[in-house]
Amino acid sequence: MNAPLTTPSAGRRTTRARAGRRLLRTAAVASTALAVLGSAAACSVPSQESGTQSAATAKGPDKVSDLKIAYFSAGTSNAYLQAAIAAAKKKSKDLGVGLDVFDGQFDAQKQFDQIQTALTSGKYNAFAVEPNDGNLVCKLLTQQAPRKGILVSVFNLPICGRATRLGDATWEPGTVTYVGGQTLDVYEQWVAQVIKDNPDGAKIALISGPDLNANTICFQKAAKEFAKHKGFEVVAQQSTDYTTPKGNSAAQTILQANPDLNVIMSNFSGMSRGIVQAVNSAGRKGKVKIYDFGGDKWALNSVQKGDLEQSVMMLPAQETEEAIQALADHVAGKKVPHFINLTESSELPGTPFATRETVDTFRPEY
C-alpha cells in the first residue's frame, strides 16, 4: 500500500509532536526516578536523623521548686536500677521537687506508652529518661516534649540512634543533657583488654542485655574488633534480660556447645553471677575467663577472689543524681554540659577498669 502524501508543513507538525511526546516521556521518567529516589532516601534515613527537626530545649518552670519530674526507669528488677531509683528519690527530696517513678519493665513499647501518657497528662514539666529503645522514644522526647514545655534529661542509654556516638555527639538536640559511662569507646577499651590478656587468641562468647538496648549495641559493635586479630573468634552470642537466672541459662547452653571456649564477656554484673555459677558447676573454673561490666559489690569481691578477670565500673546513683541535677541547673539558668561523662568522675581512681591489682581502690555504688 502506498504511503499517504505528506506536505512539508504537516511533516514539521508531526516532527514537533513527536519531539513533544519524547519530552513528556522524558519528564515523566525523570519525575518517577526522583520520586523513587525520594522514597528510598526517606526509608534509608539513619535513626539518628529522626531528631533533626527537634524543638529547641524547653525553658521549663520559673523556679527549681516548681519542677515536677517523671522518672522513666528502664526497669526495677535488679540492684543497679534499684540503686538508681533510690538515688533519684533522695536527690529530688534534697532539691524539694516532685518525682514520680515509672517502671519500664525492659519493655520498649510499655515505656513508650508511659511517656506518651505523661506527655498528655499535663502533670509534669520535666522528664528524666533511661530509655529501653532510644529510637522508639526519640520524637516524643526531642519534639513533642519540648513543644509542651517539658525539659528532658537522658541517662545511661543514648537516644535517636546515638548509641555508638562519642562525646557530645551522644547528646540529642531538644534535650538538656545526656549522662552516661557506657559509651562505645569504653566498650572498645574493654575488648582491647581481652585481646591484650590473651595474646595467643581466644574463642569468645558474648552475653548481653536486650537487643534494642544501647549498651548491647555498643557491646556488639566493639566486639567486631576480634575478627581483625588472628586467633580470636566470637563463637556464641546471647541476649538476656540482665538477670542472674538468664545469665546462668545462657552460659550453660554456650558451655555445652563450646567445650573449647576460652572467654565469656558479660556486660552486666547481675548476669555475671549466673555465668560464674555455670562455669564453676561445669568444672571449668580457671579454664574459662569471665570479663564483667558492672562493678557492683559482688563483682569487685569476685575480682579479688579470681572468679572474674576484671570488672568495668558503673555508677547508677551518680548517673541518676546528675540527670536530675541537670534539670534543676537548667531551670536555675546554669550552663549544663551536653554530655556528662561518668568515666571521668572523681568517684573513680582515674579509670573505670577494676583489675586484681587495682580493685581495692574502687568503691561500688550498688
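Modeller: At 34% relative accessibility, Q144 counts as partly exposed, a class lying between buried (under 20% relative accessible area) and exposed (over 50%), with a 1.4 Å probe and protein chains only. The model is predicted, so local features need pLDDT of at least 70 and side-chain atom pairs count only at pLDDT 80 or more, while totals for chains, interfaces and linings use all residues. Numbering starts from 1 along each chain as its sequence is written, and side-chain values use heavy atoms, leaving out hydrogens and water.

Q144 belongs to helix α4, where helices are DSSP runs of H or I with at least four residues, numbered from the N terminus. Setting aside neighbours within four places in sequence, Q144 is in contact (heavy atoms within 4.5 Å) with L119 and K139. The C-alpha atoms of Q144 and Q116 are separated by 9.2 Å, although the two residues lie 28 residues apart along the chain.

Q144 is also part of a helix pairing, in which F112, I115, Q116 and L119 of α3 meet L140, L141, Q144 and A145 of α4. The residues of this contact divide into six nonpolar, two polar and no charged. As for the geometry, α3 (residues 108-121) and α4 (residues 138-147) pack at an angle of about 5 degrees, and their axes are 11 Å apart. The two helices are therefore roughly parallel to each other, a label for angles under 35 degrees.

Conventions. Axes are lines fitted to C-alpha atoms, for helices over the stretch in contact, and angles run from 0 to 180 degrees between N-to-C directions. Angles under 35 degrees count as roughly parallel, over 145 as roughly antiparallel, 65 to 115 as roughly perpendicular and the rest as oblique. Ala, Val, Leu, Ile, Met, Phe, Trp, Tyr, Cys and Pro count as nonpolar, Asp, Glu, Lys and Arg as charged, and the others, Gly among them, as polar.
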